[in-house]
Amino acid sequence: GYDAGPFLPRRGGLPALRKAAAGCEGCPLFRNASGTVFGAGPSSARIVVVGEQPGDQEDRQGAPFVGPAGRLLREALEEVGIEEESAYFTNAVKHFKFEPAARGKRRIHKAPSLREMSACRPWLAAELRVIEPELVLALGATAGKALLGGSFRISEQRGLLLPMPPWDALGRTDVSGTDGMPAEEAAAHGCVVGTIHPSAVLRADDRRAAYRGLVTDLRVAADVLA
Ligand code: URA
């Protein structure tokens, strides 16, 4: 089956992980993408922001959240006082998955499959193990499911303080029916906060309302870090 596991280095910090990830062939997505888009940010980050997968711009530039969704995300983080420098940005899946547009050179984003998400999870677990953030921000359903498991629903769990799973149990928590934790507990033990993906804000009919919703959830995260 698909698995990034065999490509992980036995030791080393983020630089060793990044170097090894560049050669990952744990699933077929490496064949069509320009390259691996590994996470970016300091290993001292208090917050890890997890997206779905790199987009067209990220694939071209080799860095996460450098396109339109990234710009919107940075603006929203700034609005709630989360400094970009204190955050590490990464994705649940580290290669761009796309299909060519019917005409022209445009590349259309395709959602990663469950197999691709699971295959790539060892990289995410390794990043989190090195960084040990106080809070993980999950952007969108893919990130939420990659971190917590298939029971995660944006509509039900967004903005809640969810317990941080042990790194070796990533993606295998049952969060159905949870009300979230009190802020003191979240700050003491680490937590996951889910919200909508910034791309969903860009696509929303009522973009303003969607953006306000994103900021409301980010404020929950900012309060834990305060
Ligand atoms: N969307 C994501 O989920 N990740 C990126 O890096 C860019 C856009």
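User: Which residue in E7 is the bridge partner of leucine 139?
Analyst: The bridge partner of leucine 139 in E7 is threonine 195, and E5 is joined to strand E7 (residues 191-195) by five bridges, the two strands running parallel. Two strands pair if DSSP finds at least two bridges between them, while strands (E, at least two residues) and helices (H or I, at least four) are DSSP runs numbered from the N terminus. This is a predicted model, in which local features need pLDDT of at least 70 and side-chain atom pairs count only at pLDDT 80 or more, whereas totals for chains, interfaces and linings use all residues. Residues are numbered from 1 along each chain as its sequence is written.

User: And how many bridges join E1 to E5?
Analyst: Strand E1 (residues 47-51) is joined to E5 by four bridges, and these strands run parallel. Isoleucine 47 has leucine 135 as its bridge partner in E5, and valine 48 stands opposite valine 136.

User: Is E5 enclosed, and which way do its residues point, one way or the other?
Analyst: Five of the five residues of E5 are buried, so the strand is largely enclosed by the rest of the structure. Leu135, Leu137 and Leu139 point one way from E5, with Val136 and Ala138 pointing the other way, and all are buried. A residue is buried if 20 or more other C-beta atoms, placed from the backbone, lie within 10 Å of its own, exposed if 12 or fewer do, and partly exposed in between.

User: Where does E5 sit in the order of the sheet?
Analyst: Five strands form an open sheet in the order E2-E1-E5-E7-E6, with mixed pairing. The edge strands are E2 and strand E6 (162-163), each of which pairs on one side only. H4 packs on the sheet and touches E1 and E2, its direction making about 170° with that of E1. Such angles run from 0 to 180 degrees between N-to-C directions, with axes fitted as lines to C-alpha atoms, for helices over the stretch in contact.

User: How many residues of E2 are buried?
Analyst: Five of the five residues of strand E2 (residues 87-91) are buried, so E2 is largely enclosed by the rest of the structure. Ala87, Phe89 and Asn91 point one way and Tyr88 and Thr90 the other way. E1 and E2 run parallel and are joined by five bridges, with glycine 51 standing opposite asparagine 91.

User: Switching to the ligand, which residues are closest?
Analyst: Of the 13 residues that surround the ligand, the closest are Gly51, Glu52, Gly55, Pro64 and Ala69, a residue being near a molecule if its C-beta atom, placed from the backbone, lies within 6 Å of it. By class, the shell has four nonpolar, seven polar and two charged residues; here Ala, Val, Leu, Ile, Met, Phe, Trp, Tyr, Cys and Pro count as nonpolar, Asp, Glu, Lys and Arg as charged, and the others, Gly among them, as polar.

User: What about phenylalanine 65, is it buried or exposed?
Analyst: Phenylalanine 65 is buried, because 26 other C-beta atoms lie within 10 Å. Phenylalanine 65 is found in the loop between helix H2 (56-61) and helix H3 (68-79), and its phi is near 55°, a positive value in a residue other than glycine. Most residues other than glycine have a negative phi.

User: Where is glutamate 132, and what is its phi near?
Analyst: Glutamate 132 is found in the loop between helix H4 (114-131) and strand E5 (135-139), and its phi, near 45°, is again positive. Glutamate 132 counts as partly exposed, because 14 other C-beta atoms lie within 10 Å.

User: Which residues is serine 43 in contact with?
Analyst: Leaving aside neighbours within four places in sequence, serine 43 is in contact with Gly13, Leu14, Val130 and Ile131, contact meaning that the C-beta atoms, placed from the backbone, lie within 7 Å. Serine 43 lies in the loop between helix H1 (14-21) and E1, and is partly exposed, with 14 C-beta neighbours inside 10 Å.

User: Last one: how many helices and strands are in the chain?
Analyst: The chain has nine helices and seven strands. Its radius of gyration, taken over C-alpha atoms, is 16 Å, close to the 17 Å that the globule rule gives for 226 residues, so the chain is as compact as a globular protein of that length; the rule is 2.2 Å times the number of residues to the power 0.38. Buried residues make up 44% of the 226 residues.

Definitions and conventions. Contact = placed C-beta atoms within 7 Å.
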